[in-house]
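Please open the model in a viewer and keep the selection panel at hand.

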Amino acid sequence: MISIQKGEDLLSISLSTILSYRKNEAEFQKLVINWNKKILIVIEDFYPIEIIFERDEIRFKVSDIDKKVDLKVKMNIYTLLDLAYGRLGPIKAVIKRKIRIKGLFKVGILLKFIKIFLNSMQMVAADPNNNYYELNKETK
Amino acid sequence: MTETKERNLYKKISKEDVYKKLKGIFGSMNVTDKSVDLYPYSYDMTECEPHMPDFVVIPENSTQLIELVKFCNQNLLPIVPYISGNNVGGLTIPEHGGIVVDFGKKMNKILHVNENMMYALLEPGVTFGELKKYLDENYPHLRYSYPFAPPYAGVVGNVILSGMNNLSCKLGSMGDSINGLEVITADGELARIGSCFYGKEEADKDSWWSRYPMPDLMGLFINWQGMTGLVTKCAVQLWPNPPHKKTYLGVVFGLPDIGPVMREVGRTEVVDDISAVSIEVVKMTIELPEPKRIPGEPDFAALFSISGKTESLFRAKVEYLKQTIENLKNQGIKVLLVDIDEFSKLFSLRVRCHLDLPAVILSLVEYSGLTWFGSYAPTHKLEKLIPKVNDLFLKYDVPPFIYMKIMKYAHYGIFRPILRYNKFKDEDKIHSLLNEIAEFCIAEGCIPYKTPIWMTDKMREIINPGWLHLFEKVKKCIDPNNIFNPGRWNT
């Protein structure tokens, strides 16, 4: 079982929604558990946010751009939406410099992060449910 | 708890005889004087002081109400109209006791829909949920407009108190969309106002199509908070339901900058509705009841709804919206525009409760108390109003909750700071905050609607004497014995 922190800032809330989508999936758990990496995401105009993968936990922390992490990914919100909804592929985004990655040479980390984050985001985007009242029926 | 105050209502007739008469009019099953039944009618969500009614009656038709009004006028008994209890500002709290008329239980029929002239004739108890369901099932090509209110809130109460709904950027106040009213005045006479005024007896059901051009008597009942008569029928305009619809989310960084964004988008004349909320409200929607704004987060989220009867018309409108946002960016305003359908999936589908109206919106119902300074506002003052009111929230350690709208393509706006609180616990603090907000905003020219009595008291200090005298003369003329919702507006 993976524990994913509930976000309290806008970006953490969104990351929590995306990463929680597959939290019960065995393949996702295998990718995440004991990965022990820190990824910094910078959405332009907003603020840097750190995703901390530690043992069986995923946490978020409002951070700063110079923080030493395993991978830094920078893009704007429109690129994020284009990636999620399949209008732009990750390779093309990098080539067109719509995504900037610091740690690009750490191919293993980058590919794993793509599998964890980008794939989850695309699955959330592709979910046909658009009704909030069908979410978490057990909560208020 | 509501305390029953000593009153001197029953000088002309005993309370027992009143009870007997009411049972005669409405039937014993539709009248109560039991405290357990009266209590829910004694308070609302706000800080307004509760007062117990003496009776609650459940009418079925106008004939019963005519008899009630005549009886009350003769015996000087207050009458307070009530629909669904989803009130603010103490509007249906019986300030002077008397008889609460609960329209919500039996006078809640959709009497007629005229497809050609696009209106619905309603009894006062019809709710937004009922109207939406009825139109969706029977007239899907027509639509009404809905507020940020639950499906069980009343339509007629909303229009006659100049509510604002999700077509308000286009239409303005809902009070403007009334075609006709049927009202009972203090002498027990039934009057029909609007194009339905022809006909000695019943009006033709297809005659409720216009408010004009006769002398506009509707103003005697709109925004009077039930002080001038009982509304028993109301015809509201409907609009074509276009097939192409989408809502865009504008995320604005910088507190005052939401002002020009809303105004400029409003002036494009392509947007059906514009509503903006403090960013904290977005978090409240997803179960963070006491959110904090984090440095770097935007300050406001605004929803822009667009519709079009054809794909190309719709696209042209979207294009113009995007161009307007680009122009604002070029002026140095930091604003991002995204498709809310796309954004909400990745953020939280819960924010969609603001789109699928009418809806129970968590941020408005999760505390036992809710109050506001709900006002019509001069839009050129938004840049001044927003930072000051935001600071007042922070001063009292209350998460800012500012809700705004642009009305009638930016002719005027809505500025509504909303305060959620625990009743019997935070009341003093919240009232003190609301008082400061009210004093500041009224001084800046904001005009509160659904106004509590203590707020009209403040307004009276600066309203011109001529208006007040005219207002009092009209009230006295139309309700000489002050039986209709006495106490409202300090009457």
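Domain bounds, as used here, come from an automatic or database domain assignment. The model itself is predicted.

**First stop: the two domains of chain B**

Select residues 110–240 of chain B, which form domain 1, and then residues 244–449, which form domain 2. Taken over C-alpha atoms, the centres of domain 1 and domain 2 of chain B are separated by 27 Å. Where they meet, 21 residues of domain 1 of chain B are in contact with 20 residues of domain 2 of chain B.

Next, colour helix 4 (128–138) and helix 6 (168–171) of chain B; these are the elements that give two or more residues to the side of domain 1 that touches domain 2. Helix 6 of chain B gives the most, with four residues. By class, this side of domain 1 of chain B divides into 13 nonpolar, six polar and two charged residues.

**Second stop: a sheet in chain B**

Remain in chain B and display the open sheet of four strands, whose order is 1-2-4-3 and whose pairing is mixed. Strand 1 (31–32) and strand 3 (79–82) of chain B each have a single partner strand and stand at the edges, so one side of each is left without a neighbour in the sheet.

Now select strand 2 of chain B, residues 55–57; strand 2 runs antiparallel to strand 1 of chain B and is joined to it by two bridges. Within this pairing, Val31(B) has Val57(B) as its bridge partner.

Show both chains: 23 residues of chain A are in contact with 21 residues of chain B. On the chain A side, select helix 1 (10–20), helix 3 (77–84) and helix 5 (107–126), each of which supplies at least two residues. The largest share, five residues, comes from helix 1 of chain A. The side of chain A that touches chain B has 15 nonpolar, three polar and five charged residues.

Keep helix 1 and helix 5 of chain A, and hide the rest. How far apart are the axes of helix 1 and helix 5 of chain A, and at what angle do these helices pack? The axes are 8 Å apart and the angle is about 85°, which makes helix 1 of chain A roughly perpendicular to helix 5 of chain A. Display the side chains of Thr17(A), Ile18(A) and Leu19(A) from helix 1, together with Ser120(A), Met121(A) and Val124(A) from helix 5; these residues make the contact. Four of the residues in this contact are nonpolar, two are polar and none is charged.

How values were computed
Residues numbered from 1 in each chain as written. Chains lettered and ligands numbered in written order. Predicted model: local features only at pLDDT ≥ 70, side-chain atom pairs only at ≥ 80, totals over all residues. Contact = placed C-beta atoms within 7 Å. Nonpolar A, V, L, I, M, F, W, Y, C, P; charged D, E, K, R; others polar. Pairing = 2+ DSSP bridges. Axes fitted to C-alpha atoms, helices over the stretch in contact; angles between N-to-C directions. Parallel < 35°, antiparallel > 145°, perpendicular 65-115°, else oblique.
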